[in-house]
Amino acid sequence: MRLTVIGASGSYPGPDSPASCYLLESDFEGRNYRMLIDMGSGALGVLHQYIDPTTVEAVVLSHLHADHCLDLTGFYVLRRYHPNGHCPKIPVWGPEDTDRRMAKAYDLDEDPGMNEEFDFIVYPDAPFTVGPFTITARRVAHPVTAYGLRIEADGKVLAYSGDTGTCDALVETARDADFFLCEASFLEGADNPPDLHLTGAEAGTMASQAGAKRLVITHVPPWHDCAVMLEESHLTWDGPVELAVPGKTYDI
């Protein structure tokens, strides 16, 4: 698997990064299969710097907050009105009601909404297959329905937290993962609301409890210093750790 960070800013696009979006690629049936993990505000434009967006074959959305899904509306426009013709329909996995919510976000009638461009599929309880990837979606602790994603291919495991507070489901999602892409949005010692986001130290705790092999911190809001978040993770994690940076590519 190859992961490219398209956007890593938390809560809204920052001065140096779009909101959450990650490009995951792997060989599949003789071609390079491309899937997007989340598609937050500002991500679609930057995606053009790395690939032709029409070559994306699937999208998985952790939840329906704007900083994780809103650029799917622009992706709808691109795929519907591209000068080379209407692009083939691709699957979009997400929480229940994703199809209606995305239609309303672009002020479309629900019928057909975006259903001619995207095949919207609600996350099942069991693992499912997307091209070369086997994905397990687990509900995590967030004010809206949100999922952590465990993605397996080529004998390797990528775990993605989405947005979450500390919870057992996140630990299981990242259990023995080769690569743990984990949000950290709050600072230690602040009056942080429960079951919303992690601190850097809590991200480290989740990685330690899961036995993950590598931790990459993401989703730091523009009002926080990323270096502080990284430093806090060292309070509870002694393994390899770094910050997700737009344009950085990881081979997993």
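Predicted model: local features only at pLDDT ≥ 70, side-chain atom pairs only at ≥ 80, totals over all residues.

Reader: What makes R214 and E242 a salt bridge?

Author: Their side chains meet at 3.0 Å, N to O. The cut-off is 4 Å, and therefore the pair qualifies. This pair links distant parts of the chain: R214 is in the loop between α6 and β12, whereas E242 is in strand β13, 28 residues apart.

Reader: Why are R214 and E242 called partly exposed?

Author: The term covers relative accessible areas between 20% and 50%. R214 has 26% and therefore falls in that range. E242, at 22%, is likewise partly exposed.

Reader: Why is R150 called buried, and what is E152 called?

Author: Buried means under 20% relative accessible area. R150 has 14%, so the term buried applies. E152, with 30%, is partly exposed. R150 and E152 form a salt bridge, their closest N and O atoms being 3.7 Å apart.

Reader: How many salt bridges are found in the whole structure, and which residues are linked in a network?

Author: The search of the whole structure gives 12 salt bridges. E29, R31 and E57 are linked in a network of them.

Reader: What makes E29 exposed, and what is R31 called?

Author: Exposed means over 50% relative accessible area. E29 has 65% and is therefore exposed. R31 has 33%, so R31 is partly exposed. E29 also lies in the turn of the hairpin formed by β2 and β3, which has two residues between the strands, and E29 has a positive phi of about 50°.

Reader: How do you know that β2 and β3 are paired strands?

Author: Pairing requires at least two bridges. Strand β2 (residues 21–28) and β3 are joined by eight, so they pair, and they run antiparallel. Within this pairing, S26 stands opposite Y33.

Reader: In what sense do β3 and β4 pair, and why is β3 called mostly covered?

Author: Strand β4, residues 58–60, pairs with β3 in the parallel sense over three bridges. I37 has V60 in β4 as its bridge partner. Strand β3 spans residues 31–39, and seven of its nine residues are buried, so the strand is described as mostly covered.

Reader: Which residues have the most contacts inside the largest nonpolar core?

Author: That core has 30 residues, and those with the most contacts inside it are L3, M35, I37, L149, I151 and L158. Its largest share, four residues, comes from strand β9, residues 147–153. A second, separate core has 27 residues, among them M39, L47, L64 and C69.

Terms used: Residues numbered from 1 in each chain as written. Heavy atoms only, no water. Buried < 20%, exposed > 50% of the residue type's maximum accessible area, 1.4 Å probe, protein only. Core = buried A, V, L, I, M, F, W, Y, C linked by side-chain atoms within 4.5 Å.
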